[in-house]
Structures are given as structure tokens and as C-alpha cells.
Amino acid sequence: METFSIQDSIFQGKGWTTLLKEIEKSGNVLIGESHFTKEIPYFTSQIATHHFFDNFIFEIDPFSAAILEDKIKNLNASGLEAYYKTYGENFSFYASKPEYELLKQLAKAGTSFIGTDQIIKIGDRLIFSELASETKNETAKVIFNRIVTKSAKYYDAFLEDTSKDFYIETKEFLNDLEALSSLDLSEKEKKCIAAFYTTVKIFNTDDHSFRIDVMKHQLMNRYDDWGVRGKKNLFKYGAVHAPKGESLLRIYDIGNLVNNISDSHFDTSLHIMIVGMTGTSGAPFKGFPPQNVSYEKGMLQPISLFFNAVKGDQWHCFDTRPIWKAYLRGELTIKSTMIKRILKGYDYVIIIPEVTAAVVEKK
């Protein structure tokens, strides 16, 4: 176990030096995180400061990822700020300022974005506003704009009363999709509409396995952009998605797929789990209060093995590989299946003693 800390706005310490060396050796670097903190996008930003990545592959739908990349790379500063004020809360996990600044840093460095996920429940406003500005079909433009207006209205109602539905969850929204499906549209528009049908299916069935299949399918659709040997890729997902073996939810997920592809190129993928031990985390919607983070309950409870070794305010970096090898040699007894998945699936586990909520600010 090694440590590092932030000093004069940069990371310093043996643990940080070790991580940078490991990242240098790996074509695919995967960060499995706990969402909605300020510290983890900062950590990712510091990695991107030291290493250039051809692609940033992250937990957002492909259409929103393309829109964000285009806006960041092509709008001037004032135009981009205005766009963020209007649509920033629709940026999924990147709605908070720290995550949004990370996107700006990566895009400005020339990194390409690849999104793999279903569309979030307020993503219809972002995507259909873009289609409304592009479409050549006047009937479609009317429907696109109607969806944008309805989405905002339903979202405002949800913020007042969280028992209310989002527009994407209504029969009226499906009627709009059906009307759009009957029109003469571009291939891009057709793909977006198909993606919304898939998203609605995921929400209606709550089928996590299907969601993961969709994410992997989307990633493989962009294989020529990231999967060929010689590309340097940075992945950032929730910690359940990024282990190299079976995921923390008993599914073979993005991390496993990337690990296998790396192996096929005689390359390595580096899997880093990073979570906070205490403090607060944010929420996905504007105005929602921070939530307490506690290693004594919830999904963090099973990894107390690492928390028990944390002393002081340094960030602690655990190389799991020697621990896993010791277990395989019979030198350790590990009863927890979750711990086994983490030790086998992650090369490093980083514990931040205290994290701070990254919230979606009211505009």
C-alpha cells in the first residue's frame, strides 16, 4: 500500500508516481468510480494532464457524447457557457461543474468522446433540441420541439414532486416516437429514435443485463476508433462496470470486454477502483441535497478490508495483485465474494478518506 496527496494543486507521493508508471504501460486505462464527487474528476483530470488519450469512453449515451464533443470543440467560450447554462443539467453524470470541466479539458486536448449507455430520463431535451436544429423535415421539427418543451415541463414538475414521471416515461412520448417513425428522416434521426425505443425498454423492464448488452454493443460499434492496437483509451464508469472479470453485479461488463480485447493485442488494461470512505456525494438532479458517504453501510461495506488500513488524510493506493496471488497460493482466507471480485477485477483500489459532493447547480 502506498499513499499520495494533493499539495499545491497537484498530486505528490509514492502512490501517485506508481500509478503514472502503470498508466504509461497500459493501452486501456479504466477508472471504476463512486459517482458525484469533486475529487474523482480531479483525479481523472490529473491523469489526463500527464498522459494523452486518443479516446475518452464513458457512461453516457453515444448521441449526447457526440453533442458534447462538438459543442466543446466548436463553440467559442461565451457560446459554450451559454449552452452549459441552458442544457448542462441534461449532461448525465457530467452535469456537475467538476465533471463538465473534465470534459472540456479532454476535448481541448484533442481526445475524442465515445459514449456507451442508455439515454437518461431527461436526455430527450438535449438530443431532440439538436435534431430540431438539424432536421430537413418540417413535421419532424414540430415534434422534436414539442418533445423539448414537454421534457422541460415534466422535469420541472418532477423537481417539485419526485413521484411525478419524466416525459420519456409517458404514453405521450411513445406516441411522439411512433409519429416520428412514420416520417422520411435522415439516418442519424432514425438511429436516435431507435435508441429512444431501446432506452424506454430498459426503463420499463429494469433489465440490467440488457442495459449492459447495449453498452457493449455501442462500444463495439466504435471498435475501429478505439480497439485497434496502438490507441490509448481512458474509460470512466461506475465501479460496478469496470472490473476485468465478473462485475460487482455478477455480469461480464465493459471492464471484462476491454480486458479481453487488450489481451488479444498482447497489451494490458489497467483497472483502477476509486471510492470515498467518508464525506458527501451529490445527486443527478439540480437542487438535490448532498448525501452522506459511509463505509459502514451500503455498497461500500464489503470493502472494509481496505478502509480498515486507512490512516490520516492521505489517499491510499492498494496494489491488489499481490493480495490476489497470496489468496491463490492459499496464504489468505477470503470469504467475501465481493472482495474476491474486487481483488481479481481491479489492479488498484484507491481510497479517498473524505470526499466532497459535486452537485448539479441551479441555473
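Student: How many bridges join strand β1 to β9, and in which sense do the two strands run?

Tutor: In this predicted model, strand β1 (residues 2-7) is joined to β9 by 3 bridges, and the two run antiparallel. To follow the pairing residue by residue, look at Glu2, which stands opposite Cys317 in β9. Strand β9 also pairs in the antiparallel sense with strand β10 (residues 348-355), here over 4 bridges, and in that pairing Cys317 stands opposite Ile350.

Student: Is strand β9 largely enclosed or open, and why?

Tutor: Strand β9 (residues 315-319) is largely enclosed by the rest of the structure, because 4 of its 5 residues are buried.

Student: Which residues of helix α8 are buried, and how should I read their spacing?

Tutor: An α-helix has 3.6 residues a turn, so residues three or four places apart point the same way. In helix α8 (residues 171-181), the buried residues are Phe173, Asp176, Leu177 and Leu180. They cover an arc of only 100 degrees around the axis, and therefore lie on the same side of α8. These buried residues pack against α6 (123-134), α7 (138-160) and α9 (187-205).

Student: At what angle do α3 and α6 pack, and how far apart are their axes?

Tutor: Two packed helices are described by the angle between their axes and the distance between the axes. For helix α3 (residues 62-74) and α6, the angle is about 65 degrees and the axes are 10 Å apart, while the crossing is left-handed. On the α3 side, Phe63, Ser64, Ile67 and Lys71 meet Leu126, Ile127 and Glu130 in α6, and by class this contact has 4 nonpolar, 1 polar and 2 charged residues.

Methods:
Residues are numbered from 1 along each chain as its sequence is written. This is a predicted model: local features need pLDDT of at least 70, side-chain atom pairs count only at pLDDT 80 or more; totals for chains, interfaces and linings use all residues. Side-chain values use heavy atoms; hydrogens and water are left out. Buried means under 20% relative accessible area, exposed over 50%, partly exposed in between (1.4 Å probe, protein chains only). Two strands pair if DSSP finds at least two bridges between them. The arc is that of the directions from the helix axis to the C-beta atoms. Contact means heavy atoms within 4.5 Å. Axes are lines fitted to C-alpha atoms, for helices over the stretch in contact, and angles run from 0 to 180 degrees between N-to-C directions. A crossing is left-handed if the near helix is turned anticlockwise from the far one by less than a right angle, and right-handed if clockwise. Ala, Val, Leu, Ile, Met, Phe, Trp, Tyr, Cys and Pro count as nonpolar, Asp, Glu, Lys and Arg as charged, and the others, Gly among them, as polar.
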